[in-house]
Every structure is written in structure tokens, then in C-alpha cells.
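Subject: Structure for your files

Hello,

Here is the structure I said I would pass on. My notes follow below it.

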Amino acid sequence: MDKTTPHPLFKLATELGPLMIFFIANAKFNLFVATGAFMVAVTAAMIASYVVTRHVPMMAIVTAVVVIVFGTLTLVLHDETFIKMKPTIVYSLFAAILGGGLLFGRSFIAIMFDQMFNLTPQGWRVLTLRWALFFFAMAILNEMIWRTQTTDFWVGFKVFGMVPLTMVFAIAQMPLIKRYHLEPASLETSEAEAGDVTKG
């Protein structure tokens, strides 16, 4: 099914909206109310994304599933630990998928981030390794924060710390993407040359 490219503001709203709701609900009520609101907001964001674009990024699906599972455990058992561990689980899972793919000669970064650009095989490997290491580092950082700081501090860091760190890291990868970017013409030439060699 063809997917529609969403407006940048819509994409931003579906990604940051649930986090802002989580932050506000925690500030006005408590973490348990915030967790329930977060679960509803994440689900609504996925539905909105599908309705508008007829597509939901794989990363958003995985994150939503973990949010719902750990959010449910948090509410049912009335234990904050589960929702606080959610980022650790998500980041560790992404790191494992990317790192495991590299071990088998595969790069899943394009599928995970729903990227549209073309890179050389070396470029995909380097980019995948960088993101795998970043996710691993973020998992460790989340563990350090929630185990040593207050709940309010952790919630603030989740919204105003993790998001900016991820954005800064993503922007920092642009030089690498430009360096290994494969132009459509170059891609067609490479495929044509490969076909000539096969025929020969």
C-alpha cells in the first residue's frame, strides 16, 4: 500500500505529543495517571498516523507495543518500576536488532527509521553501528537516571533530555549520510554495470 509523506508538523505532533501529555499529566497528577494518559496518547498517535499516511513506522509500532505492555504492568501492579524501565527495554531492543543484523551482514536501520535516502553498503554499516551504540548508551543512561533520581526528574529527562539527545545525534549523522549518499544516477549505473558483467 502506498504511503503518503506526512507534513513535518504532523510527524512532530505524533512523535512528541504523547511525551508532552505524559509530562503534563505527571506534573498535575502522578506517574500512574501519566502512564495511562501516555498509553492512550501513543495509541491515538499510531491511529492518526495510519489514517493520514496509511502507514505506521516500524519504530513507532515497537515503541507503542512496549509502552502498552509495560504501562499495563505499571497500572495493574501499581509499580513505577515497569514504566521507568520502558525506555531501557526499547533502546536495548533497538540496539540488539541493529547489532544482531550487522553480525549477519544485514542493516535494518532503514526499515527501523523508515528512511528514504540511499547509501552505499559501507555507509549503511557505519550508520547502523553508530545507532546501535547510541541506543545501547541511552539504555544505560536511562537506568542510571531512574535508579538514582526522583520520579519527576526522570520524567523531565525522558521528555526534555532523551528527545534532544536523539535529535542532536541524528543531526550529527548528516555528514556521514552525505559522504556515503548514493545518487540515483550512480545507483542505476552500478546496476547496469552489474548486468553487463552478468551477461558477459
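In which helix is the place of valine 76? Valine 76 sits in helix H3. Please keep in mind that this is a predicted model.

Surface patch

Valine 76 has a relative accessibility of 64%, so it counts as exposed, the cut-off for that class being over 50%. Val76 also belongs to a nonpolar surface patch of about 690 Å². Helix H3, which covers residues 58-77, gives the most to the patch, with seven residues.

Packing of H3 and H4

How do the axes of H3 and helix H4 cross, and within what distance do they come? Helix H4 spans residues 80-103, and its axis comes within 8 Å of that of H3, the two crossing at roughly 155 degrees. H3 is therefore roughly antiparallel to H4, since angles over 145 degrees fall in that class. The crossing in which H3 passes H4 is right-handed.

Packing of H6 and H8

A second pair is made up of helix H6 (residues 121-148) and helix H8 (residues 162-172). Their axes are 12 Å apart, and the helices pack at an angle of about 160 degrees. By the cut-off of 145 degrees, H6 and H8 are therefore roughly antiparallel to each other. H6 and H8 also cross in a right-handed sense.

Regards

Notes. Residues are numbered from 1 along each chain as its sequence is written. This is a predicted model: local features need pLDDT of at least 70, side-chain atom pairs count only at pLDDT 80 or more; totals for chains, interfaces and linings use all residues. Side-chain values use heavy atoms; hydrogens and water are left out. Patches are made of residues with over 30% relative accessible area and no salt bridge: like charges are joined within 9 Å, nonpolar side chains (Val, Leu, Ile, Met, Phe, Trp, Tyr) within 5 Å. Accessible areas come from the Shrake-Rupley method with a 1.4 Å probe; for residues, only the protein chains shown count as cover. A salt bridge is a side-chain nitrogen of Lys or Arg within 4 Å of a carboxyl oxygen of Asp or Glu. Helices (H or I, at least four residues) and strands (E, at least two) are DSSP runs, numbered from the N terminus. Buried means under 20% relative accessible area, exposed over 50%, partly exposed in between (1.4 Å probe, protein chains only). Axes are lines fitted to C-alpha atoms, for helices over the stretch in contact, and angles run from 0 to 180 degrees between N-to-C directions. Angles under 35 degrees count as roughly parallel, over 145 as roughly antiparallel, 65 to 115 as roughly perpendicular and the rest as oblique. A crossing is left-handed if the near helix is turned anticlockwise from the far one by less than a right angle, and right-handed if clockwise.
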